[in-house]
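Got your viewer open and your selection tool ready? Here's a walk through the model, one stop at a time.

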Amino acid sequence: MEPPEPAEVRMSQAIQPAHANPRGELSAGQLLKWIDATACLAAEKHAGISCVTASVDDIQFEETARVGQVITIKAKVTRAFSTSMEISIKVIVQDMLTGIEKLVSVAFSTFVAKPVGKEKIHLKPVTLLTEQDHVEHNLASERRKVRLHHEDTFKNLMKENNEFDDPICDEEEGMVSTGGTAVQSIELVLPPHANHHGNTFGGQIMAWMESLATISASRLCRAHPLLKSVDMFKFRGPSAVGDRLVFNAIVNNTFQTCVEVGVRVEAFDCQEWSKGQGRHINSAFLIYNAVNDKEEMVTFPRIKPMSKDDFRRYRGAIARKRIRLGRKYVTSHKEEVPICVQWDISNQVSLSNANVEALKNLAAKSGWEVTSAVEKIKIYTLEEHDLLSVWVEKHVERPAHLTYHLLSDFTKRPLWDPHFVSCEVINWVSEGDQIYYITCPIVNGDKPKDLVVLVSRRRPLKDGTYTVAVKSVLLPSVPPCPHYIRSEIICAGFLIRAIDSSSCTVSYFNQISASISPYFAGNLGGWSKSIEETAASCIKFIENATDGGLINTF
């Protein structure tokens, strides 16, 4: 393992049976306690004064750790604002027998400096030593915007959820209510539960919340819940030694192999306890998968809301899932492993056919979920393991053949798509296949991106569908340029189907790679309308075109 960086704090723990759940795996609650402690020490190392947890969010669990293995937690400040800091946390597990290391989790938390008396605090900026430090520094600003606008984004999405058809209207055999998943518990805060400030240790509260959420999830699936991610632990206020903490957990909604559990915590001192008037100090939303005794992934039953509160929580889970989806691709920024193929003129037919077939296979997959529906435009998403795909469906008042003619010519793409700065043909392979060099605008303060793509065009044969398939290729004559970040399109394109002689449906698909995810993240998360705006621009472009492909002013 590499030595720690100057500003980094590390904690290493050998996993003992006392740290494990009944399956012999490290308890997620115990890991959350260690994460919070390490992050707090990193914050205080930078600030030079006491710090408290404001929120912990965007925790993704990639691997489990077992008894006998060693957990190492790395935490450092990515960016300091006036009085708050974002802490980046990375958790690694190492098998002591093989020496193999695996990534367990990546998380981000926000800590606030706690001044002494009336002293005003203004935190010093973070020293950026590496290119990675600069990237994380820029992304920290984006993540902060997401957090600050979270409430407004959530309200807007809840409003949207009421405006288009909801799948709960479709009665389905096997749907269940969530009443049986409600769990309540109480804890008395004792001195061992307090932090070095005298308040209840935030990590301890998170561990109690996770434990209760696990019970709630298990009541729905009758299997072994596995914590997959934490949407957010939000600390609304402190509690102290002597307080009674009342925890309430319930399943909010299910999404095939995932379930969201909400947990609420109220604190009571002696007087508040006798009057029944508590303080709402914490809320959290935890997402679980589950496996049966054969280690097979369990599909959760669909939820049937019964009460007004059930409907509120049900719709809230849908809105949070969308925010989480977008936020995941703002926070994760994994290194991309290029998978695009080398262009080979001798293998042109095979590469072209594979390009078209990949697009059709993506479109034919099951599990697409509606995330937005506005007038002529619908947006769907599909999550498969670590892959995210988007489908944008548009209704266009122009014939299918004209629409195909316009959309298959990528030199016209910058006229309506703000994500394309330039598009030029660099290899006219055949009538049905062209290779383009594309440049894209700057996003998140980084360098602009560029692409080399194969566009394969097909007119209808039997099913009446026009196809425009897009995939990145490696072309030795166009190597990466230092002024751009070479990016990749895994699988994308248009499927165009005639409705009648004067209108058609245009479906745009994109299996999103890490390099292009910043262009989609804001829209998927609900704090941007870039996809809808681009789709509307596309519709306007097509509907203002003449039969000869000439564009009127618009």
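Start by selecting Gly-48, the residue that follows H1. Its phi is positive, near 80 degrees. A quick word on labels: helices (H or I, at least four residues) and strands (E, at least two) are DSSP runs, numbered from the N terminus. Bear in mind that this is a predicted model, where local features need pLDDT of at least 70, side-chain atom pairs count only at pLDDT 80 or more, and totals for chains, interfaces and linings use all residues. Residues are numbered from 1 along each chain as its sequence is written, and side-chain values use heavy atoms, with hydrogens and water left out.

Now step back along helix H1, residues 28-47. Its end C-alpha atoms are 28 Å apart, which agrees with the 28 Å that 20 residues should span at 1.5 Å a residue (the expected span is 1.5 Å times one less than the number of residues). Of those 20 residues, 15 are buried, so H1 is largely enclosed by the rest of the structure. Here buried means under 20% relative accessible area, exposed means over 50%, and partly exposed is in between, using a 1.4 Å probe and protein chains only. At the N-terminal end, pick Ser-27: this residue caps H1, with a side-chain oxygen 3.2 Å from the backbone nitrogen of Gly-29.

Next, go for the core. Select Ile-71, Ile-87 and Phe-233, the residues with the most contacts inside the largest nonpolar core, which has 69 residues. Such a core is a set of buried Ala, Val, Leu, Ile, Met, Phe, Trp, Tyr and Cys residues joined through side-chain atoms within 4.5 Å. Apart from it lies another core, of 41 residues, including Val-390, Leu-402, Tyr-404 and Val-506. As background, nonpolar side chains tend to be buried together in soluble globular proteins. Back at Ile-71, show what it touches (contact means heavy atoms within 4.5 Å): leaving aside neighbours within four places in sequence, the partners include Leu-31, Trp-34, Val-91 and Val-104.

Jump to helix H7, residues 348-364. Its 17 residues should span 24 Å at 1.5 Å a residue, and the end C-alpha atoms are 25 Å apart, which agrees. Which residues of H7 are buried? Colour Gln-348, Leu-351, Ser-352, Asn-355, Val-356, Leu-359 and Leu-362. Look down the axis of H7 and these buried residues fall within an arc of 135 degrees, so they line one face of the helix; the arc is that of the directions from the helix axis to the C-beta atoms. An α-helix has 3.6 residues a turn, so residues three or four places apart point the same way. Val-349 and Ala-364, on the other side of H7, are exposed.

Two arginines come next. Arg-279 sits in strand E10, residues 279-291, and is partly exposed at 28% relative accessible area. Its side chain makes a 3.1 Å polar contact with that of Asp-243 (a pair of N or O atoms within 3.5 Å; within protein, one must be able to donate a hydrogen and the other to accept it, and residues adjacent in sequence count only if both atoms are side-chain atoms). Ser-239 is 40 residues from Arg-279 along the chain, yet their C-alpha atoms are separated by 9.0 Å. The other arginine, Arg-320, belongs to helix H6, residues 308-331. Arg-320 counts as buried at 7% relative accessibility, and among the residues it touches are Asp-231, Glu-260 and Phe-285.

Over in strand E8, residues 244-255, find Thr-254. Thr-254 is buried, with a relative accessible area of 9%. A polar atom of its side chain lies 2.8 Å from the backbone oxygen of Pro-301.

Then check the cysteines. How many disulfides are there? With a disulfide taken as a pair of cysteine sulfur atoms within 2.5 Å, the count is zero. The sulfur of Cys-423 is 8.0 Å from the closest cysteine sulfur, in Cys-440, too far for a bond. Cys-423 is buried, at 11% relative accessibility. For Cys-481, the nearest cysteine sulfur is that of Cys-440, 13 Å away, and Cys-481 is partly exposed at 26%.

Finish with two loop residues. Glu-295, in the loop between E10 and H6, has a positive phi near 65 degrees. Glu-375, between strands E12 (369-374) and E13 (377-384), also isn't a glycine but has a positive phi of about 50 degrees. At 82% relative accessibility, Glu-375 counts as exposed.
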